[in-house]
Amino acid sequence: MIFVTVGSRNYPFNRLFIELDKLCEEGVIKDEIFAQIGTSTYKPKHYKYKDFISQEEFVDYIEKSKYVISHGASGSIMKALNADKKVIAVTRLEKYGEHINDHQIQNNEAFGSNSYVLPVYEMDELKDAIIKIQTGKDNLKKWENKDPMAIVNMIDNFIQDNW
């Protein structure tokens, strides 16, 4: 099972759910999907979903999943990484009305440059990321969270080095 989560902010992420339906139709995704779609207005056709789920359900879906497709929020990504799951982090972009700014680009670049997640910025990249995970060619490193400030420091260092 693939767990997809986009949080609870008041910004739809229709682009992601439309692309997932397309990849199901093409046969790229054969696994069962469960998606937490938040305030998205697009209703998936090929997989189960709920608008919002409880924290207990969230943890349960992560535990049951083969891998997680998350929006680029560090909290959702960290919960999946801490559960030892591979993550595809799809960036919400301001130009599509998916967030108030493009801070998720920096989050995903920081996680991706350290090989902790497969970052996706535009939907035409999602298929390749899914195929990499399905075939074991993702080259992702296992996250080891020994320092509670590790994520903050990683993102801060990335921004300082690249901006």
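Biologist: A polar contact is a pair of N or O atoms within 3.5 Å; within protein, one must be able to donate a hydrogen and the other to accept it, and residues adjacent in sequence count only if both atoms are side-chain atoms. Which side chain does Asn108 join by a polar contact?

Modeller: The side chain of Thr91, at 2.7 Å. This is a predicted model, in which local features need pLDDT of at least 70, side-chain atom pairs count only at pLDDT 80 or more, and totals for chains, interfaces and linings use all residues. Residues are numbered from 1 along each chain as its sequence is written, and side-chain values use heavy atoms, without hydrogens and water.

Biologist: Is Asn108 buried or exposed?

Modeller: Asn108 is buried (under 20% relative accessible area; exposed is over 50%, partly exposed in between; 1.4 Å probe, protein chains only), because its relative accessibility is 0%.

Biologist: What does Asn108 touch?

Modeller: Leaving out residues up to four places away in sequence, Asn108 touches Gly72, Ile77, Ala89, Val90, Thr91, Val117, Pro119, Val120 and Tyr121; contact means heavy atoms within 4.5 Å.

Biologist: New topic: which residues touch the most other members of the largest nonpolar core?

Modeller: Leu16, Phe17, Leu20, Ile69, Ile88, Leu126 and Ile130, out of 28 residues. Such a core is a set of buried Ala, Val, Leu, Ile, Met, Phe, Trp, Tyr and Cys residues joined through side-chain atoms within 4.5 Å.
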